[in-house]
Amino acid sequence: MSDPLQAPRGTFDILPEQAPLRLAVEKVTRSVLESAGYERIETPTFEPTELFTRSVGEATDIVQKEMYSFVDGGERSLTLRPEVTAPIVRAYLQHGMHKLPQPVKLWYLSSCFRYERAQKGRYRQFWQIGAEAIGSDDPAVDAESITLLAEILEQLGVQGLQLRIGSLGGAAARERYRELLKAHLRANEDRLAEDVKARIELNPLRAFDSADESTRAVMATAPVLLDHLDEEDLDHFAELRSLLDSIELGYVIDPALVRGLDYYARTVFEFSSAALGAQSGVGGGGRYDGLAEQIDGPPTPGVGWAAGIERILLAAEGLPQPEPLTVLFVALADSGARTRSAAFALSTAARRAGVPSRIELAGRSIKGQLKHADRLKTRFVAVVSGEGVELKDFETGETSAFEDGDGALAAVLRGRGIA
Ligand code: ATP
Ligand code: MG
């Protein structure tokens with residue numbers, strides 16, 4: 001016989017032992033973001049392919065190499081979301097959220113799909129938490145957004161954090177700068193890596209991301225976008241920094257910070273962790289004031305971030321260990337019909353009273369059942385027989401016996417402060 005089927009490469013199962021950690025991420029995210037007025041949103045897993053080609057950008061790695069796209073039965077090209085910002089801006093426009101008080105603040109916990117080289121911290125299906133504030137270009141929104149991600153990562157115990165920030169300026173300044181950068185790249189073409197050379201026209205900014213040594217040397221002397229920003233963009237960036245300074249949130253200005261998505265304008269930022277290896281990015285984001293227009297909406301400013309849950313978990317320390325959930329184990333002294341139904345009723349009554357309860361379901365001997373209850377670390381074991389119930393409290397060592405199950409059990413549990 002051949003091996004059973006495996007999950008696709010680059011994907012993983014979230015097994016029960018990992019669930020409590022993920023729940024901790026969700027809880028912290030929710031409490032931090034909702035305390036700042038963010039509300040949860042969930043968009044579809046797939047979207048029209050065009051949404052991503054237009055917003056993320058034709059020339060990006062994501063669109064060129066990483067999208068899971070398919071044609072459905074109605075001949076439409078659809079794509080499993082590689083990121084969630086564009087879907088959320090799409091939802092904002094589609095539902096007329098501009099009529100709500102601005103900015104509209106939304107958060108999510110969603111899976112994303114990218115066809116990438118699978119390795120530790122880099123998967124083909126992964127989960128992101130994220131926040132978007134749409135409808136204001138006030139730098140205070142950027143500062144708040146960054147601060148909230150810092151707060152979440154800190155509460156989750158992510159180690160070795162570093163925050164880098166930068167500004168890409170507005171479209172006009174970026175266009176002028178692109179020409180300068182292209183000229184610099186062309187002048188040094190013979191020293192550039194092949195893939196960088198191939199993209200001088202299409203995506204010259206991406207050259208800053210190259211790992212190639214000779215390319216990096218060329219980039220070290222490249223013109224820097226921060227030196228070519230408009231007055232307004234510089235003011236915006238200065239105010240962002242002064243707000244971060246006012247709350248003493250540490251950061252490094254990275255003039256070469258480029259993100260892999262074309263829709264960013266003005267603020268960009270990234271949190272990385274020294275606790276991670278090559279895949280050091282924990283979360284990042286920025287302002288995307290032109291995105292809504294790219295998908296046929298009216299000009300609408302916005303800022304947000306996304307952080308990878310798997311990378312958070314890899315870099316976090318001190319997350320909660322799973323706690324045993326069972327309080328009561330209902331054991332069956334025999335397999336008679338009366339015993340079975342009495343035990344079933346007892347366990348159900350306990351759960352209805354709010355007491356986590358489990359019943360024997362595997363036909364074990366009474367000895368086996370007690371051993372199993374011990375493994376579950378339950379505090380109470382109720383042994384049900386034709387004659388009634390014997391309840392043992394393993395914390396106090398006390399035993400009580402009663403004939404009718406439910407009522408008496410409830411009284412005992414109440415007496416112990418359980419239910
Ligand atoms: P990287 O530079 O590592 O490829 P990215 O810039 O492509 O990251 P973003 O698009 O900004 O990442 O996504 C935000 C976050 O999502 C990242 O900081 C990372 O934590 C996480 N992430 C991105 N791609 C993956 C992936 N393939 N597997 C797991 N997590 C990912
Ligand atoms: Mg990437």
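This is a predicted model: local features need pLDDT of at least 70, side-chain atom pairs count only at pLDDT 80 or more; totals for chains, interfaces and linings use all residues.

Residues are numbered from 1 along each chain as its sequence is written, chains are lettered from A and ligands numbered from 1 in the order in which they are written, and side-chain values use heavy atoms, with hydrogens and water left out.

**Domains**

Colour residues 19-170 together with 229-315 as domain 1, and 328-415 as domain 2; these bounds come from an automatic or database domain assignment. The C-alpha centres of domain 1 and domain 2 are 50 Å apart.

**Ligand 1**

The shell holds 14 residues, of which R114, E116, R122, R259 and V282 come nearest. By class, the shell divides into four nonpolar, five polar and five charged residues, where Ala, Val, Leu, Ile, Met, Phe, Trp, Tyr, Cys and Pro count as nonpolar, Asp, Glu, Lys and Arg as charged, and the others, Gly among them, as polar.

Which polar backbone atoms lie 3.1 Å and 3.3 Å from an oxygen atom of ligand 1? One belongs to G281, at 3.1 Å from a ligand oxygen, and another belongs to G283, at 3.3 Å from a ligand oxygen. On the side-chain part of the shell, an N or O atom of R122 is 2.8 Å from an oxygen atom of ligand 1. Taken alone, ligand 1 exposes 580 Å², and the protein buries 86% of that area, as computed by the Shrake-Rupley method with a 1.4 Å probe, for which only the protein chains shown count as cover in the case of residues.

Now display the secondary structure, in which helices (H or I, at least four residues) and strands (E, at least two) are DSSP runs numbered from the N terminus. Strand 6 (125-134), strand 10 (281-287) and strand 11 (302-308) are the elements that give two or more residues to the shell around ligand 1, and strand 10 gives the most, with three residues.

**Buried residues**

Stay on strand 10 and select R287, which is placed in that strand. R287 counts as buried because its relative accessibility is 0%, with buried meaning under 20% relative accessible area, exposed over 50%, and partly exposed in between (1.4 Å probe, protein chains only). Its side chain makes a polar contact with the side chain of D142 at 2.6 Å and reaches the backbone oxygen of S136 at 3.1 Å. A polar contact here is a pair of N or O atoms within 3.5 Å; within protein, one must be able to donate a hydrogen and the other to accept it, and residues adjacent in sequence count only if both atoms are side-chain atoms.

A265 is buried, with a relative accessible area of 10%, and, leaving aside its neighbours within four places in sequence, it is in contact with residues including R287, Y288 and D289, where contact means heavy atoms within 4.5 Å.

Continue to S272 in strand 9 (residues 267-273), which counts as buried at 11% relative accessibility. Beyond neighbours within four places in sequence, the contacts of S272 include S280, G281 and V282.

Then select L205, in the loop between helix 7 (194-198) and helix 8 (213-220). L205 is buried at 12% relative accessibility, and, leaving aside neighbours within four places in sequence, it is in contact with R174, Y177, L181 and V258.

**Backbone features**

Most residues other than glycine have a negative phi, and most peptide bonds are trans. The peptide bond from Q102 to P103 is cis, with omega near -10 degrees, and P103 lies in the loop between helix 4 (85-94) and strand 5 (104-113).

Finish at D296, in the loop between helix 10 (291-294) and strand 11, where phi is positive at about 75 degrees although D296 is not a glycine; at 61% relative accessibility, D296 counts as exposed.

Terms used
A residue is near a molecule or strand if one of its heavy atoms lies within 4 Å of it.
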